[in-house]
Amino acid sequence: MVKLVFCVKRLPHLSREDFQKYWRDRHGPLVREAAPALAIRRYVQTHTAATALNERLRTGRGAPEEYDGVAELWFESIDALVAAGGTPEGRAAGQRLLEDERRFIDLARSPLWLAEEH
């Protein structure tokens, strides 16, 4: 199993609450729709909790600013991901997701990468 891990920062004009609501209620269903075309086996959103403890944890470690959440998209393999993304349906689904992400995610500040669990 391979994961695409996406550390997400919201666009500056969005509150945390508005960002999380859009991500959960609007973008989540789009990912569910796109999952077959993109060979996504599992999708998990982890939303950053609104607690002062986060700031204490961050400053106590000298860590950078927090992300607004983390998305994990699971695939059977890198080959399955590449194959699905190479189909007309996969390209169209990927484009729809990217267009929607531009509405609420600060893409330039949101790193993503492929990973394997150990």
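## Contacts and overall fold

Two residues are in contact when they have heavy atoms within 4.5 Å of each other. With that in hand, here is a first look at the chain, bearing in mind that this is a predicted model. Of the contacts in the protein with a separation of 6 or more, 81% are between residues 24 or more positions apart.

The protein has four helices and four strands. Reading from the N terminus, their order is β-α-β-α-β-α-α-β. Taken along the principal axes, the C-alpha atoms fill a box of roughly 45 × 35 × 20 Å.

## Surface and interior

The protein has 118 residues, and 36% of them are buried. Its accessible surface comes to about 7400 Å², with 55% of that area belonging to carbon and sulfur atoms.

In soluble globular proteins, nonpolar side chains tend to be buried together. Here, the largest nonpolar core holds 21 residues, and the members that touch the most others are F19, I40, L73 and F104. Two or more residues come from each of β1, α1, β3 and α4. Helix α1 gives the most to this core, with seven residues.

F19 is a handy place to start exploring on your screen. Leaving out residues up to four places away in sequence, F19 touches V8, R10, L14, D68, F104 and I105.

## A buried aspartate

Is D100 buried or exposed? D100 counts as buried because its relative accessible area is 3%, and the cut-off for buried is under 20%. D100 sits in helix α4. Beyond residues up to four places away in sequence, D100 touches Y22, H27 and L30.

## The largest pocket

Which element gives the most to the lining of the largest pocket? That is α4, with five residues. By class, the lining of the largest pocket has 16 nonpolar residues, five polar ones and one charged one.

Note on methods:
Residues numbered from 1 in each chain as written. Predicted model: local features only at pLDDT ≥ 70, side-chain atom pairs only at ≥ 80, totals over all residues. Heavy atoms only, no water. Nonpolar A, V, L, I, M, F, W, Y, C, P; charged D, E, K, R; others polar. Buried < 20%, exposed > 50% of the residue type's maximum accessible area, 1.4 Å probe, protein only. Areas by Shrake-Rupley, 256 points an atom, 1.4 Å probe, with all protein chains shown as cover. Core = buried A, V, L, I, M, F, W, Y, C linked by side-chain atoms within 4.5 Å.
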